[in-house]
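Colleague: I would like to go through this model with you. Please put the sequence and structure up before we start.

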Amino acid sequence: MAYLNASHPGLAYGDGYMQGSGSLGQFVKLVGDDTFAVNTTAADPSFGILMKDYADGEMPGIWCCGGVYETDQFSGAISPDELLEIDGDGKLTGGATATSRVAQAISVSGGILKFKLLV
């Protein structure tokens, strides 16, 4: 089961609807009026990260506007202080540029990534 812990959460946004389904730890983007979809393109601006799994049409809970989180939902090797972007599954990965960054790694230990949310 996926793991996401809001150690020091930012703003929790809980309004709007999902277009398609999404899973805990995936990043979402705005796709319409208060409508969100999983963001699978690093170049597209992300709105925040899903708090749990949501089905198409459900009202999502989204962490946004900063905070510190821990998750096992990431891909690739990540180093402390590395800027993170999203991969093709909407999860965190390393190698971000200034324009594609959504988070910054704090630590990676035992399969758990601690990061600061930048969106």
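Colleague: Which side chain makes a polar contact with the side chain of Ser46?

Modeller: First, a caution: this is a predicted model, where local features need pLDDT of at least 70, side-chain atom pairs count only at pLDDT 80 or more, and totals for chains, interfaces and linings use all residues. Residues are numbered from 1 along each chain as its sequence is written, and side-chain values use heavy atoms, with hydrogens and water left out. A polar contact is a pair of N or O atoms within 3.5 Å; within protein, one must be able to donate a hydrogen and the other to accept it, and residues adjacent in sequence count only if both atoms are side-chain atoms. At 2.9 Å, the partner of the Ser46 side chain is that of Asn39.

Colleague: Is Ser46 buried or exposed?

Modeller: Ser46 lies in the loop between β4 (35–38) and β5 (48–50); strands (E, at least two residues) are DSSP runs, numbered from the N terminus. Its contacts (heavy atoms within 4.5 Å) include Phe27, Ile86 and Val119. Buried means under 20% relative accessible area, exposed over 50%, partly exposed in between (1.4 Å probe, protein chains only). With a relative accessible area of 13%, Ser46 is buried.

Colleague: Which residue stands opposite Lys116 of β10?

Modeller: Strands pair if DSSP finds at least two bridges between them. β9 (residues 103–109) is joined to β10 (residues 112–117) by 6 bridges, antiparallel. β9 also pairs with β7 (residues 83–86) in the antiparallel sense, over 2 bridges. There, Leu83 has Gln104 as its bridge partner. Opposite Lys116 stands Gln104.

Colleague: What is the angle between the planes of Phe36 and Phe47?

Modeller: Rings of Phe, Tyr and Trp (its six-membered ring) pair if their centres lie within 6.5 Å; planes under 30 degrees apart count as stacked, over 60 as edge-to-face and the rest as tilted. Phe36 is in strand β4 and Phe47 in the loop between β4 and β5, 11 residues apart. Phe36 is buried at 1% relative accessible area, whereas Phe47 is partly exposed at 24%. Their rings are tilted, 4.9 Å centre to centre, with an angle of 55 degrees.

Colleague: What is the centre-to-centre distance for Trp63 and Tyr69?

Modeller: Trp63 is buried at 16% relative accessibility. Tyr69 is buried at 0%. The pair is tilted, with 50 degrees between the planes and a distance of 5.9 Å.

Colleague: What is the phi of Cys65?

Modeller: Most residues other than glycine have a negative phi. Cys65, found in strand β6, is not a glycine, yet its phi is positive. Cys65 is also exposed, with a relative accessible area of 56%. Its phi is about 60 degrees.

Conventions. Helices (H or I, at least four residues) and strands (E, at least two) are DSSP runs, numbered from the N terminus. Lists of a residue's contacts leave out its neighbours within four places in sequence.
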